[in-house]
Amino acid sequence: MKWDYTCKDCGVNTRKGKVNFYSVTDELWKEFGVGRGMLCLECFRKRLGRDFKKEDFPPCYLNYFDNPVVREIINPTEEEINELHNKIRNN
Ligand SMILES: [Zn+2]
């Protein structure tokens with residue numbers, strides 16, 4: 001089955017560009033997300049009802065490097081980037 005990358009709330013293609021493809025913590029996604037569906041960053045923020053903070057995004061390549069908006073929110077330190085690299089290497 002083909003994965004549906006359409007935002008469940010506004011219908012935007014979350015795979016178009018990089019800003020709408022991200023990963024949040026399981027806790028947040030369980031409470032505000034749409035299960036196996038997708039939400040663009042802005043629609044998820046609306047559901048969340050507040051601005052994002054660093055802790056909302058788990059350390060992963062996607063959040064740290066791929067998504068420029070999320071990267072700005074996290075603003076990972078050199079140490080955190082190194083930790084992520086170690087984590088990826090050890091998996
Ligand atoms: Zn949306």
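Trainee: Where does Thr25 sit?

Mentor: Thr25 belongs to the segment before α1, and please keep in mind throughout that this is a predicted model.

Trainee: Is Thr25 buried or exposed there, and why?

Mentor: Thr25 counts as exposed because it has 12 C-beta neighbours inside 10 Å, and a residue with 12 or fewer falls in that class.

Trainee: Which residues does Thr25 touch, leaving out those up to four places away in sequence?

Mentor: With those left out, Thr25 touches Asp56 and Pro58.

Trainee: Okay, changing topic. Which residues make up the largest nonpolar core?

Mentor: That core has 12 residues in all, namely Cys7, Tyr22, Val24, Met38, Leu39, Cys40, Leu41, Cys43, Phe44, Phe57, Val70 and Ile74. Two or more residues each are given to this core by α2 (41-48) and α4 (68-74), and the largest share, 3 residues, comes from α2.

Trainee: Then let's stay with α2. Which of its residues are buried?

Mentor: Leu41, Cys43 and Phe44 are the buried residues in α2. They lie on the same side of α2, because they cover an arc of only 165° around the axis.

Trainee: And what covers the buried residues of α2?

Mentor: The cover includes α1 (26-32) and α4. If you take Leu41 by itself and leave out residues up to four places away in sequence, it touches Val19, Asn20, Tyr22 and Val69.

Trainee: What happens just after α2?

Mentor: Gly49 comes there, and it takes a positive phi of about 80°.

Trainee: Which residue has a positive phi although it is not a glycine?

Mentor: That is Asn75, with a phi of about 45°, and it lies in the loop between α4 and α5. Most residues other than glycine have a negative phi. Asn75 is also exposed, since it has 9 other C-beta atoms within 10 Å.

Trainee: You mentioned α5, so how many residues does helix α5 have, and what is its reach?

Mentor: Helix α5 runs over residues 78-90, which gives 13 residues, and from its first C-alpha to its last it reaches 18 Å, close to the 18 Å expected at 1.5 Å a residue.

Trainee: How many of the 13 residues of α5 are buried?

Mentor: The count is 0, and α5 is hardly covered. Take Ile88, whose place is in helix α5: it is exposed, because 11 other C-beta atoms lie within 10 Å.

Trainee: Now the whole chain, please. How many helices and strands are there?

Mentor: The chain has 5 helices and 0 strands, so that reading along the sequence gives the pattern α-α-α-α-α.

Trainee: What about the radius of gyration of the chain?

Mentor: The chain has 13 Å, which agrees with the value near 12 Å that a compact globule of 91 residues would have. Along the principal axes, the C-alpha atoms fill a box of roughly 35 × 35 × 25 Å.

Trainee: And what percentage of the residues in the chain are buried?

Mentor: Buried residues make up 19% of the 91. As for contacts with a separation of 6 or more, residues 24 or more positions apart account for 57% of them.

Technical notes: Residues numbered from 1 in each chain as written. Predicted model: local features only at pLDDT ≥ 70, side-chain atom pairs only at ≥ 80, totals over all residues. Helix = DSSP H or I, 4+ residues; strand = E, 2+ residues; numbered from the N terminus. Expected span 1.5 Å × (residues − 1). Buried ≥ 20, exposed ≤ 12 C-beta atoms within 10 Å, placed from the backbone. Core = buried A, V, L, I, M, F, W, Y, C linked by C-beta atoms within 7 Å. Contact = placed C-beta atoms within 7 Å. Arc of directions from axis to C-beta. Rg over C-alpha atoms; globule rule 2.2 N^0.38 Å.
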